[in-house]
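Morning, everyone. Please have the sequence and the 3D view open, and follow along as I go.

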Amino acid sequence: MMGTDLLAIEDLSREDIELVLETAGHMQEVGRRDVKKVPTLRGRTIINLFFESSTRTRTSFEIAGKRLSADVVNFSPSSSSLKKSESILDTAKTLDAMDPDAVVVRHAVAGVPKRIADELAAPVINAGDGAHEHPTQALLDLLTVKERKGRIDGLTVTIIGDIAHSRVARSNIYGFTKLGAEVRVAAPPTMIPANVDCLGVKAFGSLREALDGADVVMALRIQMERLTGAYFPSVREYSGTFGLDRAKLRFAKDDVIVMHPGPVNRGVELAHDLADGRPSVILDQVRNGVAIRMAVLYLLAGRRPESEA
Amino acid sequence: MARVLIHGGHVLDPRSGRDERACVLLENGQVAEIGSDVQAGSCERVDATGCLVTPGFVDVHTHLREPGQEYKEDIASGGRAAVAGGFTHIACMANTEPVNDDPSVTEYILDRARQDCPARVLPIAAATKGLRGEVMTEMSALVDAGAVAFSDDGKTIMDGGMQRRVLEYSRLVEKPLIVHAEDLTLVGDGVVNEGSVSTRLGLPGNPSVAESIHVARDVQLAELTGAHLHVAHVSTEAAVSLIREARARGVHVTAEVTPHHLSLTDEATMGYDSNTKMAPPLRGRRDVDACREALADGTIDCVATDHAPHAVHEKEVEFTEAPPGILGLETALPVVWDLVRSEVMTPMQLVASLTANPAALLGLDAGRLDVGVPAYITVFDPEQRWKYDPAKGFSKSRNSPWAGETLQGRVVATIVGGSLVYHADRGVLAP
C-alpha cells in the first residue's frame with residue numbers, strides 16, 4: 001500500500017504503481033459517463049498549491065478533484081513575493097491549519113514538496129518539483145502505454161531530450177524500469193545528467209541507435225530560451241539531430257507510439273505532423289491524466305477514519 | 001590569579017611528544033607543573049579521569065558574524081560555542097557587514113572579543129576591499145591592527161592576475177592568504193556535488209573540478225610568488241593530490257579540512273535538508289576517504305570547522321535559495337574523533353591537527369602544553385556519548401546536520417589563559 005504522500009516514483013514499489021493504474025481504470029469509466037461525477041470525496045478539501053504556474057497540470061488536478069466531488073481550492077502565490085516575506089513552510093503551515101484533505105504542490109525547485117510533506121499532516125501530492133520528479137505524469141504515461149500495448153514488461157522505451165533538467169524524464173525512468181521496461185535516453189551530452197546510469201538507463205548520442213527496436217518514444221519539451229547557446233548551438237541543429245520526425249521514427253518498431261508531456265514545440269522536438277494523430281498518443285496522455293489524478297486523490301485524500309465520513 | 005589543578009587525565013602534547021598520565025597545575029595563567037605527583041594545595045580542581053588533556057584547540061576558520069549579522073551569531077555567542085567545543089583560539093573570517101577590510105573593523109572585533117568572548121579571537125582580514133576582488137586591502141595596517149591572515153572567503157578571487165598580485169603582496173606581511181578555492185564559472189548554479197546524488201535529486205550539480213582547477217591555479221601562483229597559500233575546506237580527491245604534489249615540490253601551501261567533509265557524503269543531502277548544504281558541497285565517498293587519508297599523512301595540516309551560523313528562517317527555504325554552511329564548533333571533536341576510532345589516525349596525530357598544526361600555520365604561540373607556556377588547555381572524554389541539541393547549545397543558530405544525534409566524544413573542560421572558562425557540568429563560566 002502506498003505511503004501517505006505521493007512525492008516521487010522512486011519511492012514507490014511495483015505494487016504501489018499497479019494499484020494506482022488499476023484504480024485509474026475505474027476512474028476512466030467515470031469520465032465516460034454523461035454525468036462525470038461520483039460522491040467519493042464529498043466534503044473533502046483539496047488545495048492546489050502551485051508556486052510555479054502550470055495551467056494544464058492544475059486544470060487536470062482540479063477536474064480530477066471535482067469529478068470526485070471534492071472542494072478544490074487553487075492557491076498560486078508568486079514565488080518572488082514569497083522569497084521576501086514568507087517562507088514556503090509558513091505558507092504550507094498556514095494552509096494546513098485550514099485542514100485540507102490533500103495538498104497538491106508544484107514548485108520550480110526540487111525538494112520543496114518533500115519539505116512541505118515533512119511539515120504537514122495532510123497528504124502531499126507532488127505535481128512537479130524542479131528537475132526532480134513529476135510522479136502523476138509518469139503514472140499517466142504508464143497508463144497510456146499499458147492501454148496501447150497491453151503491458152509494460154519487456155518494452156523498450158526511448159526518452160529524447162533534456163534529461164538533465166527534466167522531472168518528467170526522471171519519473172518515467174523510475175516508473176517504466178520498475179514495471180520491467182528497458183529505458184534508453186537520447187540527447188546531446190550536455191543534456192545528459194552526471195552518472196546517468198545511476199537511474200538505471202543507458203544514454204545514447206545517436207538517435208538512430210536509441211530508437212532501434214523501440215516500442216515507445218517519448219520526446220521532451222525543449223526550453224529553448226534557457227538552453228539555446230549554452231546546451232546546444234541552435235534550435236535548427238537540435239531539431240536536425242534530435243527532433244523526431246517520420247524519417248527518424250522508421251528506426252523504431254512499426255507499431256511504435258509517440259508520446260510527449262506537452263506543450264509541444266512543433267517542429268522542434270516533434271515534427272508538426274507527428275504531433276497529431278497516429279502514432280502519437282498525446283491526447284490520450286492528457287485524458288488519462290485526469291483518471292490518474294482521480295486515482296491518486298482517491299487513494300490519498302480518501303483515507304480517513306470512517307467515523308468522520 | 002587562581003590556581004587550577006587538572007588531575008586524573010592523560011596528557012597528550014604533539015609539540016613535546018608528551019603522552020602520559022599526569023596532573024597539570026596552572027598558576028598565574030601559565031602551566032606551572034606537569035607530573036604524576038603534583039602538590040597543589042588549595043586550588044580549583046578539574047577531574048579529568050578517563051579524559052585526554054591536550055593543548056586548547058585552534059580553529060583557523062570560523063564565521064562569527066559580528067559586526068553586522070548579530071542575529072546569526074556574535075563574538076560573545078560564537079566564543080561560548082567555541083569553548084564549549086574545546087576551542088581556545090578561533091580565527092574569524094572577514095565576510096562581516098562591514099567587511100573586515102579596514103583596521104577599524106579589525107580593532108572593533110578585537111575590542112568586542114576582549115569584552116565578552118571567552119575564547120581568543122584572531123581576526124582574518126579581507127584580501128581585497130569589500131571582498132570584490134578588485135582592490136587589495138592595506139595589509140600592513142591590518143596586521144598592525146591584529147589581523148593574522150588574509151582571505152576573501154565566501155567569495156573567490158576569480159581574476160588570476162589579481163590573485164597573483166595579492167599573493168605577491170602578502171609576502172610583505174608574511175601572513176597566509178587563505179583561499180576559498182572554487183571556480184565560480186564551473187560552480188554555476190550548482191548546489192550539491194555533481195554526480196549520482198545531484199542527478200537523483202534533480203538539483204544543479206557543482207562538479208569537483210570546480211575546486212581542483214582553482215587549487216591547480218593557486219598552487220602554481222604560490223609557487224611563482226613564493227607566498228604562503230592556505231587552501232580552505234579541501235573537499236576533493238583531486239585537490240588533495242594537487243596539494244600533495246605541490247608540497248613535495250616545496251611550494252609553501254598548507255590546507256585545512258572540515259569535520260563535515262571528513263565524515264559526511266553527498267548522500268546526506270538525499271532528504272533535501274538545507275543543513276546539508278555547504279560550499280564546497282559534501283562530496284562522494286572517494287573524496288571523503290581521500291581527505292581522511294590526507295589529514296593522516298600530513299598533506300592537509302589541520303581540521304577547521306568553517307563554523308557558519310545561519311538563522312532558522314534563512315535555512316527553511318528552497319534548497320537552492322538557502323545560504324550554504326553549518327555550525328561546527330560544538331560538534332567538531334566528536335565528529336573528527338571518528339578518525340581515531342576507525343584507526344585512520346592516532347590520537348596524537350588528530351590532536352596535532354586540532355592544536356599544534358593550525359597554530360603553526362598561523363604563526364601563533366599556542367597549541368602546546370608544556371611547563372612555562374600560557375595555559376590554554378582542553379580536557380575531553382573521547383568515549384562519552386551525548387545527544388546534541390543545537391537549541392541547547394551556545395551558538396545563536398541551529399543549522400546542524402547532527403541535530404538530535406548521539407555523538408561520541410565530549411569536551412569536559414576548557415581553559416583559556418589559566419582560567420576555567422567552560423565545564424560540561426557547569427556551562428560557560430567566564431567572562
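**One residue, then the interface**

Let's start at A:Ala110, which sits in the loop between strand 3 (102-107) and helix 5 of chain A. Keep in mind that this is a predicted model.

Is A:Ala110 buried or exposed? It counts as buried, because its relative accessibility is 3% and the cut-off for buried is under 20%.

What does A:Ala110 touch, once we leave aside its neighbours within four places in sequence? In chain A, the contacts are A:Asp129, A:Gly130, A:Ala131 and A:His132. In chain B, they are B:Leu201, B:Gly202, B:Leu203 and B:Tyr272. So the contacts of A:Ala110 come from both chains.

One more distance here. A:Ala110 and A:Glu133 are 23 residues apart in sequence. In space, their C-alpha atoms are 7.9 Å apart.

Now widen the view to the whole interface. The size of an interface is often given as the accessible area lost when the parts come together. Chain A and chain B bury about 1,600 Å² between them. Of that, 57% is on carbon and sulfur atoms. Three residues supply 24% of the area that chain A buries against chain B: A:Val109, A:Arg115 and A:Ala194. That is more than any other three residues.

How many residues does each chain bring to the contact? Chain A gives 22 residues, and chain B gives 17 residues.

Next, the polar side of the interface. Six residue pairs are in polar contact across it, with both residues at pLDDT 80 or more. Which elements of chain A take part in the side that touches chain B? Helix 4 (88-96), helix 5 (112-119) and helix 7 (167-178) of chain A each supply at least two residues. Helix 5 of chain A gives the largest share, three residues.

The count of salt bridges between chain A and chain B is one. Which side chains form it? They are A:Glu10 and B:Arg200, at 2.9 Å from N to O.

**Salt bridges elsewhere**

Side chains of opposite charge can pair when their charged atoms come close. Over all chains, the structure holds 38 salt bridges.

Take chain A. A:Glu182 pairs with A:Arg184, and their closest N and O atoms are 3.0 Å apart. A:Glu182 is partly exposed, at 39% relative accessibility. A:Arg184 is buried, at 11%. Chain A also has a network of salt bridges that links A:Glu52, A:Arg106 and A:Arg167.

Now chain B. The side chains of B:Glu27 and B:Arg3 form a salt bridge, 3.0 Å from N to O. This pair links distant parts of the chain, 24 residues apart. B:Glu27 is in strand 4 (residues 23-27) of chain B. B:Arg3 is in the segment before strand 1 (4-7) of chain B. B:Glu27 is partly exposed, at 28% relative accessible area. B:Arg3 is partly exposed too, at 23%.

Another chain B pair is B:Arg244 with B:Asp297, 2.9 Å from N to O. B:Arg244 lies in helix 8 (residues 237-248) and B:Asp297 in helix 10 (residues 285-297) of chain B, so the pair ties together parts 53 residues apart in sequence. B:Arg244 is partly exposed at 33% relative accessibility. For B:Asp297 the value is 44%, again partly exposed.

**Backbone points to check**

Most residues other than glycine have a negative phi, and most peptide bonds are trans. Here are some exceptions.

The peptide bond from A:Gly262 to A:Pro263 is cis, with omega near -10°. A:Pro263 is in the loop between strand 9 (257-259) and helix 12 (272-275) of chain A. The bond from B:Ala279 to B:Pro280 is cis as well, with omega near -5°. Look for B:Pro280 in the loop between helix 9 (259-263) and helix 10 of chain B.

Now phi. B:Leu131 is not a glycine, yet its phi is positive, about 55°. B:Leu131 is in the loop between strand 10 (120-125) and helix 3 (139-145) of chain B. B:Glu174 also has a positive phi, near 55°. B:Glu174 is in the loop between helix 4 (160-173) and strand 12 (177-179) of chain B.

Which of these is buried, and which exposed? B:Leu131 is buried, at 8% relative accessible area. B:Glu174 is exposed, at 71%.

Terms used. Residues are numbered from 1 along each chain as its sequence is written. Chains are lettered from A and ligands numbered from 1 in the order in which they are written. This is a predicted model: local features need pLDDT of at least 70, side-chain atom pairs count only at pLDDT 80 or more; totals for chains, interfaces and linings use all residues. Side-chain values use heavy atoms; hydrogens and water are left out. Contact means heavy atoms within 4.5 Å. Buried area is the accessible area (1.4 Å probe) that two parts lose on being put together, summed over both. A salt bridge is a side-chain nitrogen of Lys or Arg within 4 Å of a carboxyl oxygen of Asp or Glu. A polar contact is a pair of N or O atoms within 3.5 Å; within protein, one must be able to donate a hydrogen and the other to accept it, and residues adjacent in sequence count only if both atoms are side-chain atoms. Helices (H or I, at least four residues) and strands (E, at least two) are DSSP runs, numbered from the N terminus. Buried means under 20% relative accessible area, exposed over 50%, partly exposed in between (1.4 Å probe, protein chains only).
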